[in-house]
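Please examine the structure shown below.

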Amino acid sequence: MPDQNTMLSDYDRYITHLFAKEDTVLEATREEMNKGNLPPINVSASEGGLLHLFVRIINAKKILEIGTLGGYSATWLARALPEDGNMISLELDPHHAKVSRANLEKAGLSGKVEIRVGPAMKTLEEMQVNGEGGFDLVFIDADKETYPDYLRMTLPMVRIGGLILADNTLPPSVLDSSKDGGAIRYNADVAANPNLVSSVIPVLRGHLDGLTVSVKIG
Ligand SMILES: C[S@@+](CC[C@H](N)C(=O)[O-])C[C@H]1O[C@@H](n2cnc3c(N)ncnc32)[C@H](O)[C@@H]1O
């Protein structure tokens, strides 16, 4: 009998093979991340396919991402946008931003995705001062401790009916009531927010992880 992690990676491979096969552009994006010494902490292909699906389900035209890394999830997301759609992705590390810009250029997406460099909380404050908002979909995938603050900042910037997605929200610590952490607080916050309807979808990246999905209803 295979152990649980082996079985989960088999399921991940099955889903990826059927629904989220990488093309040469996505493969090259990961290769360039590797060459640039970026950590391999991007979403899995199967989760990338799920992100792409959410964009299409709600006909999103305007996406905000927090945490670009090498542009892997940005590629899955931006490829689902219509011709006149666009995306802003926030990244702290200038080297990550440089690698992701080059990757998005090669993917033919540089006209659609703008990378803004700096601490995301500061960039979000600037965006609010400039009246930027009306996003259809927000994808939060940066420093976990700040997730509750990212929720507080982005909620007013999302349209009613829009989605807020947050990655890595099923760490084992969610099962231990003595533990605290950004993902635990984030899940509790969205669950308690009367302006959101939310759930956590288990996602696979070899092992089990979670994507919290919230729709803004008020
Ligand atoms: C998990 S990776 C993002 C992965 C990417 N979404 C993907 O799947 O391809 C997290 C990224 O968030 C960035 N980051 C960490 N803290 C940040 C902050 N305070 N503001 C903006 N970006 C931050 C890291 O430099 C890293 O590139």
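## The second largest pocket

Sixteen residues, written here as 16, line the second largest pocket, and those nearest its centre are Arg30, Pro40, Asn42, Val43 and Ser44. The volume of this second largest pocket is about 320 Å³. On a 1 Å grid over the protein atoms alone, a pocket is an open set of points where a 1.4 Å probe fits, with protein on both sides within 12 Å along at least five of seven lines, and lining residues have an atom within 4 Å of a point. Grid points are joined across faces, edges and corners, and a volume is the space filled by probe spheres set on the points.

Helix α2 (residues 24-35) contributes the most to this lining, with three residues. Helices (H or I, at least four residues) and strands (E, at least two) are DSSP runs numbered from the N terminus. By class, the lining of the second largest pocket holds eight nonpolar, five polar and three charged residues. Here Ala, Val, Leu, Ile, Met, Phe, Trp, Tyr, Cys and Pro count as nonpolar, Asp, Glu, Lys and Arg as charged, and the others, Gly among them, as polar.

## Basis of the model

The model is predicted: local features need pLDDT of at least 70, side-chain atom pairs count only at pLDDT 80 or more, and totals for chains, interfaces and linings use all residues. Residues are numbered from 1 along each chain as its sequence is written, and side-chain values use heavy atoms, with hydrogens and water left out.

## The largest pocket

The largest pocket has a volume of about 390 Å³. Its lining comprises 23 residues, of which Gly67, Glu91, Asp141, Ala142 and Asp143 are the closest to the centre. Two or more lining residues come from each of α4 (72-78), β2 (86-91) and α6 (120-129). The lining of the largest pocket consists of 11 nonpolar, seven polar and five charged residues.

## The sheet

Seven strands form an open sheet in the order β3-β2-β1-β4-β5-β7-β6, with mixed pairing. Two strands pair if DSSP finds at least two bridges between them. The edge strands, β3 (113-117) and β6 (196-205), each pair on one side only. From one strand to the next, the twist averages 15°.

Strand β1 (residues 62-66) pairs with β4 (residues 135-140) in the parallel sense over four bridges, and Leu64 stands opposite Val138 in β4. Strands β1 and β2 also run parallel and are joined by five bridges; Lys62 has Asn86 in β2 as its bridge partner. Because four of its five residues are buried, β1 is largely enclosed by the rest of the structure. Buried means under 20% relative accessible area, exposed over 50%, and partly exposed in between (1.4 Å probe, protein chains only).

Contact means heavy atoms within 4.5 Å. Helix α3 (residues 45-57) lies across β1, β4, β5 (158-167), β6 and β7, and runs at about 150° to β6. Axes are lines fitted to C-alpha atoms, for helices over the stretch in contact, and angles run from 0 to 180 degrees between N-to-C directions.

## Two residues with positive phi

Asn59 lies in the loop between α3 and β1. Its phi is near 50°, a positive value in a residue other than glycine. Asn59 counts as exposed because its relative accessibility is 63%.

Asn168 is located in the loop between β5 and α8 (182-192). Although Asn168 is not a glycine, its phi is positive, at about 60°. With 18% relative accessibility, Asn168 counts as buried.
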